[in-house]
Amino acid sequence: MVDAYIGLGSNLADPLSQLAGALARLAALPRTHLVAQSPFYASRPVGPQDQPDFVNGAVHLQTELAPLELLDALQSIEQAHQRERVQRWGPRTLDLDLLIYGTQTINHDRLTVPHVELVNRDFVLQPLLDLSPNLQLPDGRRVADLRQQCVDNGLRRLHPVPGSLASSGGDD
């Protein structure tokens, strides 16, 4: 089993419902166990500003799926949520990113892990910290250190969604 971390994001068609649906599908992936879910956060969009704020979070999976198998599964979940890739950094119903896959560094034409923008996104780093405060990238950089250096994108923690794994934790 490999520890994998997946980023989730949505800013269209009821983002909290989109993320809840994605969580259910992630929990049902074959040869995969959903270990933990981070709280959800709202933040300003990266790129075009003429779109709604995003809701983001992350999950920790343990999986036997190979990296490209996992990527295919994530893209299948996105398609089930009518994901369209029209505009880079544009609005979307669902975005699932393979952020970290064990201790592997992957440079494939379909997949780069760790995710290339991970170090620049507070809405990715903070949920990762919530899942694993001592998490490190394959090159040894600590996610906590990267979070301290990251530009603020107006990150706001949302209240837990009833029925989610995060709802059993504390509240804000």
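Which side chain does the side chain of Arg 121 make a polar contact with? The partner is the side chain of Glu 117, at 3.4 Å. A polar contact here is a pair of N or O atoms within 3.5 Å; within protein, one must be able to donate a hydrogen and the other to accept it, and residues adjacent in sequence count only if both atoms are side-chain atoms.

## What you're looking at

This is a predicted model, where local features need pLDDT of at least 70 and side-chain atom pairs count only at pLDDT 80 or more, while totals for chains, interfaces and linings use all residues. Residues are numbered from 1 along each chain as its sequence is written, and side-chain values use heavy atoms, with hydrogens and water left out.

You'll find Arg 121 in the loop between strand 7 (111–113) and helix 3. (Helices, H or I with at least four residues, and strands, E with at least two, are DSSP runs numbered from the N terminus.) Arg 121 is buried, with a relative accessible area of 12%. Buried means under 20% relative accessible area, exposed means over 50%, and partly exposed is in between, using a 1.4 Å probe and protein chains only.

Arg 121 and Glu 117 also form a salt bridge, with their closest N and O atoms 3.4 Å apart. That term means a side-chain nitrogen of Lys or Arg within 4 Å of a carboxyl oxygen of Asp or Glu. By this rule, the count is eight salt bridges.

Glu 64 sits in the loop between strand 4 (54–63) and helix 2 (67–80), and Arg 31 in the loop between helix 1 (15–27) and strand 2 (32–37), so the pair ties together parts 33 residues apart in sequence.

Arg 31 also forms a salt bridge with Glu 69, at 3.4 Å between the closest N and O atoms. Glu 69 belongs to helix 2, so this pair links parts that are 38 residues apart in sequence. Glu 69 is partly exposed, at 38% relative accessible area. Through shared partners, salt bridges join Arg 31, Glu 64 and Glu 69 into one network.

## Helix 3, mostly under cover

Now for helix 3 (residues 122–131): nine of its 10 residues are buried. Among them are Phe 123, Val 124, Pro 127 and Leu 131. What do the buried residues of helix 3 pack against? Their neighbours include strand 1 (2–10), strand 5 (95–101) and helix 4 (143–149), where contact means heavy atoms within 4.5 Å.
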